[in-house]
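The following exercises concern the architecture of a single protein chain. Each task is followed by a solution in steps.

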Amino acid sequence: MEVWIVKLSAAQLFRPIGSINRGPYAIIGLLGFALKHNLDRLVATYVFHRPWGLFNYWIPIRDVANVMSLDRSQQIFLAGMVAISLPFIWVGVVLTLQRLRSARLPSWLVALFFAPFVNLIFFLVLCVFPERDGRELHSGRSQWTQALPRSGIGSAAISLLITVPLGFGLGTMGAQLFRNYGWGLFVAVPFTMGFVAAWIYGLRQPRGMASSIGVACLSIVLLGGALFSLLIEGVVCLIMAAPLAFPLAAFGGYCGYRAQKSRWLYSDAPVIVSLLVLVAPGIQLTEHMASRPSPVFVVRTAIEVKAPPEQVWKQVIAFSQIPAPTDWMFRAGIAYPIRAEMHGTGVGAERHCVFSTGAFVEPIEVWDEPHLLKFSVISNPAPMEEWTPYSHIDTPHLHGFLVSEGGQFLLTPLPNGGTRLEGTTWYQHGLWPSDYWRLWSDTIIHRIHLRVLNHIRDEVEHRGLTKN
């Protein structure tokens, strides 16, 4: 280490010339980050009286939609923190350019220095990527891959050590920074993880297709475990995402396996990986900038009740307490209806449908007794309570999943003296691909309908038998 320090001069820290090896690059980077983080904490705490943590480097001020909405105190705080960062940014860019030069990598990759979360993987690659001379650039499979383990287990371990933090960073960026739960998060991230995992796994020497796909899928399993352990996601959401994530990761793993036969891909593997990991953030940024309203979906469920509409109506407007659910979906944490309360009668009255997580507030729009009860929804409780070892978990996407817009009960008399009771819900959700997530949301709402409709039928028919 003494040799490295002697070779470095103060001028080299500020002039983008020459080169730097991976050892001093890593040491200076760690020392620089430690110095900057403590300086930022001191200034934020004692000058601006604001908390400062690691996530503030990506979201300096929370609950602000855009820069134009900042008040004066927030503008001064942000300007002060940027001013402190400028010399550190310059030194970081200079050293990164020098490191790229020593690794014989394109200098334009320095742009990854400014990519949130992705830059962490970029720095890690530069800290372990060996120095190269010009002869290595034309040797087909790059000589730096010889540093990777020859064994399959060792290669898989290195692959997962890189891929899982990569997926965690990309996923967290989409959810926490862009507030997107769409194609970038649910499609691009698992495919990229699968491709990179299989690719790195086969860098040392070609691997089999089955093992490549296995490593790709294992990266998704470990990512899910990390999200669960760090209180970011619960079991139910991970189960819902799994049927989408695993096939995409497996397809990415297959593509990574096929890429093993491409010599030019291996000659500049870090360049290709860097380009790949920009795909997911690019899609997430595009979705964030071109956000569109969620479509409105409709779910209808109908049953027959052995009673006239006049008797059924009394239970529709305010049904009694429903016994505890036996359905696995509700026992897993999905919110379920408990009872309904009516405040007033006619148009303008307010119906409260009490669920396990709170109450839906439903102003009445149509009161056509005993045929049609139609209402809007002005307040939605949480759609589920996540399975988690912690006391509580509140993920952002729970506030945009299964948002009810309105509903109705339609009672149609039947020739046999009974009633066809149909429940309808209009709802939205902010998850994409919408058709995939609709499979889950439609199923959940259909189960909710059946729980209410079957209870109404049982109550009406039971009372009819009791009277007889």
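**Exercise 1: Strand β3 and its partners**

Task: Determine how strand β3 pairs with β2 and with β4.

Solution. Step 1: β2 (residues 337–343) and β3 run antiparallel and are joined by 6 bridges; strands here are DSSP runs of E with at least two residues, helices are runs of H or I with at least four residues, and both are numbered from the N terminus. Two strands are taken as paired if DSSP finds at least two bridges between them. Within this pairing, A340 lies opposite C353 in β3. The hairpin of β2 and β3 has 6 residues between the strands, and G344 in it adopts a positive phi near 95°.

Step 1: β3 also pairs with strand β4 (residues 358–368), in the antiparallel sense and over 6 bridges. V354 has A359 in β4 as its bridge partner, and the hairpin from β3 to β4 passes through 2 residues.

Step 2: Of the 6 residues of β3 (residues 350–355), 5 are buried, where buried means under 20% relative accessible area (1.4 Å probe, protein chains only).

The model is predicted: local features need pLDDT of at least 70 and side-chain atom pairs count only at pLDDT 80 or more, while totals for chains, interfaces and linings use all residues. Residues are numbered from 1 along each chain as its sequence is written, and side-chain values use heavy atoms, with hydrogens and water left out.

**Exercise 2: A helix pair**

Task: Describe the packing of α3 against α4.

Solution. Step 1: The axes of α3 (residues 22–46) and α4 (residues 72–102) are 11 Å apart, at an angle of about 180°; axes are lines fitted to C-alpha atoms over the stretch in contact, and angles run from 0 to 180 degrees between N-to-C directions. Step 2: The two helices are therefore roughly antiparallel, a term for angles over 145 degrees.

Key. Parallel < 35°, antiparallel > 145°, perpendicular 65-115°, else oblique. Buried < 20%, exposed > 50% of the residue type's maximum accessible area, 1.4 Å probe, protein only.
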